[in-house]
Amino acid sequence: MTTLERLQQLARTRFGEKADALGPDTDFFDALGIDSLQALDLLTDIEDAFGVEVPDWEMQDVRTLGGLAEVIGRYGG
Amino acid sequence: MTAAAERQAPLAVAAGEDGVLEVALQRLPCNEIGTAMLAALEGACDAIDAAAPRVVILHSTVPAGFCAGADLRELHAGMLAVEDPAERRAAIADFLERIHRVMDRLDTFPGPVVAALHGVCFGGGFELALTADLRIAEKNTRFAFPELRLGLIPGFGGLPRLRRDAPAGLVRSLLMSGRSLGARRAAEVELVQQVVAPGEALGAARRLAAQLLRYDAHATRLGKAFVKPLPREDLDEEKRIFLELIDRPAVREALADFASRTDAHPWLPRAAPSP
């Protein structure tokens, strides 16, 4: 499974059906209405799923699953 | 927030199993520490003194987390409301002394203090958790000291307590970068003693408390005092630095900016605009 596919799976688990429509370039913050608590949960999900530790600021400008996959790749996930 | 939630006391103290007292933070949205929570925490310390339990459990009933730290909106409004600088500094110093007394009382409680944590454990909330002897965190717990983005350092005793419990490199990383630390990573450096599934921290804390009660109270008391001394000089120095920093225009601007934030990462400085 690719990083992108695993991220789509995580999004589905955390956000339910509304995450199904997310493509690699969809702005998921807008599409899912993510708030600060969910942003923290997302970071924990990513750290758990990929065994990486990503500093918060690396996620601050990332708004697409494709962008997330790129960040995770930089940290060896 | 509903009217019922506004009327609810910021925390509740309840007797648990024989010899256990549970302090539940319950102020929406995330147990922010302003004047009301401070007074409630002072009341909780008095209740602990009166009940003289063997073990204290700190936890939160608020879904968002254990505690998001100081009530920055109240702090900002309070700083704007007092025009005289000397009066303003005195009010801040008074708050600081009171919250330090609360933290010190919890820290030096003669028996074990167990913190059951989940979700947001930031700033003053992290500092409150650091008064505990043992921390149990649900896996979604995240710890951070975001104070530097306000032009401040943690002011409720957090740095000396973190230095007591964590490696120096981690202390610098949390202070200087403002990054958040997940429960599993926190457990790797023993900031957290147990990581549990969501919703399981309080139950695990109660089972731990039951275990702690099986040991000799007098020996526990002497052992705790021996291995966990209060870092008195560092606490005083942290207060001094905090008071030196807080009454500056840059801090007032940062507080005003924080109050206006609606993005998903308000604990970080604003992202640089895209080129």
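In what order do the six strands of the open sheet in chain B run? Colour chain B by secondary structure and you can read it off: S1-S2-S3-S5-S7-S10, with mixed pairing. Bear in mind that you're looking at a predicted model.

Now pick out the two edges. Select 11-15 of chain B for strand S1 and 194-196 of chain B for strand S10; each of these pairs on one side only. Look along the sheet and you'll see it twist, by an average of 20 degrees from one strand to the next.

Next, select 35-51 of chain B. That's helix H2, and it lies across S1, S2 (20-25) and S3 (55-60) of chain B. Its direction is at about 10 degrees to S1(B).

Jump to helix H12, residues 249-259 of chain B, and click on Pro249(B), which lies in this helix. Is Pro249(B) buried or exposed? It counts as exposed, because it has 8 C-beta neighbours inside 10 Å, and the cut-off for exposed is 12 or fewer. Then show Gly151(B): it is 98 residues from Pro249(B) along the chain, yet their C-alpha atoms are separated by 9.8 Å.

Last stop: bring chain A into view. Here 16 residues of chain B are in contact with 16 of chain A. On the chain B side, those residues split into six nonpolar, six polar and four charged.

Key:
Residues numbered from 1 in each chain as written. Chains lettered and ligands numbered in written order. Predicted model: local features only at pLDDT ≥ 70, side-chain atom pairs only at ≥ 80, totals over all residues. Contact = placed C-beta atoms within 7 Å. Nonpolar A, V, L, I, M, F, W, Y, C, P; charged D, E, K, R; others polar. Pairing = 2+ DSSP bridges. Helix = DSSP H or I, 4+ residues; strand = E, 2+ residues; numbered from the N terminus. Axes fitted to C-alpha atoms, helices over the stretch in contact; angles between N-to-C directions. Buried ≥ 20, exposed ≤ 12 C-beta atoms within 10 Å, placed from the backbone.
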